[in-house]
Amino acid sequence: MTEKLYHLIGGAKNTDGQSTGQVFNPATGKQTGQVPFASVSTVEAAVDAAEAAQPGWRATGMAKRAGVMFRLREIIVARKRELAGVITAEHGKVLDDAAGEIDRGLENVEFCAGLVHHMKGEFLEQAAGGVDVSQIRQPVGVVGCITPFNFPAMVPLWMITTAIAAGNAVILKPSEKVPSAALWIAEAFREAGLPDGILNVVHGDKETVEAILEEPRIKAVSFVGSTPIAKSIYTTAAANGKRVQALGGAKNHMVVMPDADLDSAADAAISAGYGSAGERCMAVSVLVAVGDIADELVDKVAQRMGDIRVRNGVEQGADMGPIVTEVSRDRIESIVAGAAEQDATVVVDGREHDLPAEGFFTGPTLVDNVTPGMAVYDEEIFGPVLSVVRVESYDEAVALINSSRYANGTAMFTRDGRTARQFTFDIEVGMVGINVPIPVPIGAFSFGGWKDSLFGDTHMYGPESFNFYTRRKVVTERWPLPSESQINLGFPTN
Ligand code: NAD
């Protein structure tokens, strides 16, 4: 049975499409859904609905808006397993991992439930004699949110929740590979009391995104995806006069110093390298072994890899699921094959792992003696492949990381606080973990990388998101008596 998916526009299901896409369960390799791709006119219809609903939402009291956030949280918490199942069926990640992504998305719902605090402005009494100045936050209007396949619930919740809390209306375009979680969340928002038209979901690929970027009534665009697309979204949206934040790809290095606890470092490398089959923007993909510990570290990682159970994500005890598509799986395996030809050492080859017969599976892979210039190092693989780069010193490790075009996350494993502090000071990366392999900031901070991992100057979720989704307006006022009125052609001063 192939499920026919739909856009959600103004609270109504809509199946208009200039074409359709296929949705697969990557654990079986079978098509499970068909998704309509929105044309320009469908995007326009969504913006009509958003534009009509937004003034009423903006005028809704802050406490009522916060109430929607609280109810949304209750709905998602109560039905988390159901949403996790929706994610696993299209993405492939194991159910526990899907539940973990939902928890991290909920952090932002919880942060947004405090919107009365985040939306409140500033007031300065008596800025000049009898003059007061205040700053207020107002929504930007209709915003577009374009999300990737790898976090079908968390990344939408990063964007739409803040945008809505701030009083905007949203056009959400989820990944066409994993479209159902976005619809689930939109229905949950409706159940929580969000008025129709404030959250609209349109599906599609390049053409639908272009329609969003060209639509003059969309004032801001948030994007998360691969670097080439992020860069082009940033350029086009900015050229069209929109504010834009576009988060791109990653190649995250984990440095292991000679004094580190190597068992802990190996455990962390396994978790962060192979969790979610490496399809996380904060996954560790390069292990930087400093000094003479490389042989021991590689042995310890390799020893642990045989225990990783690669299975359909719904199976009890599964550690790692399939890759999202057959094309991605084949690309990953061809990069590993290329590494062997370029004199890297394939220590563990994922193709030889115990794998299910059907579906888009590959196993965890470990490649040693990797150097910059090899595709396995230079490209974002976005799969369960850990590369080991051997360096002599701390300085060499820092130079390696700082010369990468990507700068999303990085981690250092050490027992020495002084080295850790110096690393935090020296490293040109947006998010740093010290003995923490995946340093995704908690919801009260904001998330973002540097260099080709983020185009724009605003990080996502948390406090910076409220800046992105609001315009600040500064009001200067005085209330003079008629007798105090005078003409003065000079520039107003204090
Ligand atoms: P992607 O760039 O292929 O797609 C992202 C979105 O862009 C999807 O909605 C897709 O439909 C749309 N899109 C695809 N091609 C397009 C085109 N030519 N023009 C306009 N829009 C287009 O990314 P993906 O494969 O879905 O996700 C994986 C990528 O996302 C990885 O590179 C990963 O590192 C990155 N990612 C980054 C972060 C971060 O926070 N920096 C978080 C998650 C994922």
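User: How far apart do the C-alpha centres of domain 1 and domain 2 lie?

Analyst: They lie 31 Å apart. This is a predicted model.

User: What makes these two domains, and where do they run?

Analyst: Domain 1 covers 3-248 + 453-475, and domain 2 covers 252-434. The bounds come from an automatic or database domain assignment.

User: What makes residues part of the contact, and how many does each domain give?

Analyst: Contact requires heavy atoms within 4.5 Å. On that basis, domain 1 gives 20 residues and domain 2 gives 24 residues.

User: How much area do the two domains bury between them?

Analyst: About 1,900 Å² is buried, with 60% of it on carbon and sulfur atoms. On the domain 1 side, Ala27, Val94 and Ser453 lose the most area to domain 2. Together they make up 26% of what that side buries.

User: Why is Glu358 with Lys30 called a salt bridge?

Analyst: The closest N and O atoms of Glu358 and Lys30 are 3.3 Å apart. The cut-off is 4 Å between a Lys or Arg side-chain nitrogen and an Asp or Glu carboxyl oxygen, so the pair qualifies. The count between domain 1 and domain 2 is 2 salt bridges.

User: Which helices each supply at least two residues of the side of domain 1 that touches domain 2?

Analyst: α3 (80-91) and α4 (95-113) do. The largest share, 3 residues, comes from α3. By class, that side of domain 1 has 7 nonpolar, 8 polar and 5 charged residues.

How values were computed: Residues are numbered from 1 along each chain as its sequence is written. This is a predicted model: local features need pLDDT of at least 70, side-chain atom pairs count only at pLDDT 80 or more; totals for chains, interfaces and linings use all residues. Side-chain values use heavy atoms; hydrogens and water are left out. Buried area is the accessible area (1.4 Å probe) that two parts lose on being put together, summed over both. Helices (H or I, at least four residues) and strands (E, at least two) are DSSP runs, numbered from the N terminus. Ala, Val, Leu, Ile, Met, Phe, Trp, Tyr, Cys and Pro count as nonpolar, Asp, Glu, Lys and Arg as charged, and the others, Gly among them, as polar.
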